[in-house]
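Dear colleague,

Please find the structure below, followed by a summary of what was found in it. I would be grateful if you would read the two side by side.

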Amino acid sequence: MHQFGLIGRTLSHSFSQTYFTQKFDSLGLTEHAYELFELASINELPALLAAHPQLVGLNVTVPYKESVTIYLDELAPSASRVGAVNVIERRPDGSLLGHNTDVVGFRESLRRFFPAGPGSRALVLGNGGAAKAVVVALNDLGIAHWTVSRDPMGWGLTYDELTPQLIAGHQLIINATPLGTHPLTDQCPQLPYEALSAHHYLYDLVYNPSETLFMQRGQTAGAQTKNGFEMLQLQAEAAWDIWNGRA
C-alpha cells in the first residue's frame with residue numbers, strides 16, 4: 001500500500017482527498033490511498049509518521065506550512081525560497097524532504113488571469129505560508145507588491161493604511177488569508193471596497209466556497225475575480241510529480 005495524506009488543523013473543507021482518490025481510480029492505482037490527518041498540534045507529526053510507515057507523501061495546509069519545517073530533514077530549493085512547505089516527500093531511507101508547490105500553482109494560475117505589464121502593482125493580504133508563496137511568485141513575474149497584515153510592527157502595510165487612493169493604485173489584490181473559508185463565509189478582509197473599479201483584479205486563494213464575499217464585493221464594483229481552485233489543482237499535480245520522481 002502506498003499511502004498519501006493531508007495534515008492540517010481543520011480539514012473538513014479540503015478537496016485533496018477527493019481529488020487524489022479520483023486520480024488513483026482513473027490511473028488504476030488500487031494500492032494507493034489518500035487520507036486526512038487532523039493534527040491539534042504540529043508536534044503530533046512524528047507520532048503520525050511512526051503509526052503510518054506506509055506514508056510516502058503528505059500535503060500540508062494551514063496552520064502548519066511554516067512550523068512543519070522543524071520536523072523535516074531537508075528543504076528543497078522551492079521551500080527554501082518561500083520559508084514554507086506544502087508538500088512532504090518521505091524518501092526510501094525514511095528522511096523527510098519539504099517542497100513548496102504553491103508558488104508554481106499560484107504563478108501559473110495568475111498568468112491566465114491577470115494581464116501583468118509595466119507598472120503592475122499588487123497587494124497581498126496576509127503574511128502566513130500561503131502569502132509567502134504568493135510573494136515569491138509575484139517576484140518571479142516582476143510584479144511590484146506590498147503585503148498587508150494586522151501586525152503594526154510587521155513589514156509592509158496594515159489594513160488601516162489601505163486608503164482608497166492606495167487601493168486605486170494597485171490593480172491586483174490577492175487574498176492569502178483564510179477569511180471567507182467555509183463555514184465562515186460571511187467574513188472577508190477589511191478593505192475600502194468602494195475604491196474598487198472595473199480596472200481591478202481580485203484573486204482569492206480560498207476555493208470553498210467557490211465565490212467568497214471578497215469576490216462578491218469585487219464583482220459589485222465591476223472587478224474581475226478568480227478563486228483558488230485552479231491554483232489548488234496545479235499545485236496538487238506538481239506534488240504528484242514530486243512523489244513520482246518526475247519533478
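**Findings**

Leaving aside residues up to four places away in sequence, Ser-197 touches Ala-221, Gly-222 and Ala-223, where contact means heavy atoms within 4.5 Å. The model is predicted: local features need pLDDT of at least 70 and side-chain atom pairs count only at pLDDT 80 or more, while totals for chains, interfaces and linings use all residues. Residues are numbered from 1 along each chain as its sequence is written, and side-chain values use heavy atoms, with hydrogens and water left out.

Ser-197 lies in the loop between β10 and β11; helices (H or I, at least four residues) and strands (E, at least two) are DSSP runs, numbered from the N terminus. The C-alpha atoms of Ser-197 and Ala-221 are separated by 5.2 Å, although the two residues are 24 apart along the chain. With a relative accessible area of 23%, Ser-197 is partly exposed (between buried, under 20%, and exposed, over 50%; 1.4 Å probe, protein chains only).

The sheet comes next. Six strands form an open sheet in the order β9-β8-β7-β10-β11-β12, with parallel pairing; two strands pair if DSSP finds at least two bridges between them. The edge strands, each pairing on one side only, are β9 (157–158) and β12 (224–226). Strands β10 (residues 172–175) and β11 (residues 201–204) run parallel and are joined by four bridges. Asn-175 has Asp-204 in β11 as its bridge partner.

Two helices that pack on this sheet follow. Helix α4 touches β10, β11 and β12, and its direction makes about 150° with that of β11. Helix α7 (residues 213–220) touches β7 (121–125), β10, β11 and β12, its direction making about 170° with that of β11. Axes are lines fitted to C-alpha atoms, for helices over the stretch in contact, and angles run from 0 to 180 degrees between N-to-C directions.

Helix α4 (residues 102–111) also packs against helix α8 (residues 229–243), at an angle of about 135° and with the axes 8 Å apart. The pair is therefore oblique (angles under 35 degrees count as roughly parallel, over 145 as roughly antiparallel, 65 to 115 as roughly perpendicular and the rest as oblique). In α4, Asp-102, Val-104, Gly-105, Phe-106, Glu-108 and Ser-109 meet Glu-230, Met-231, Leu-234, Gln-235 and Ala-238 of α8.

Helix α1 (residues 16–27) packs with α8 as well, at about 55° with the axes 12 Å apart. This makes α1 oblique to α8. Tyr-19, Phe-20, Lys-23, Phe-24 and Leu-27 of α1 make the contact with Gln-233, Ala-236, Glu-237, Trp-240 and Trp-243 of α8.

Yours sincerely
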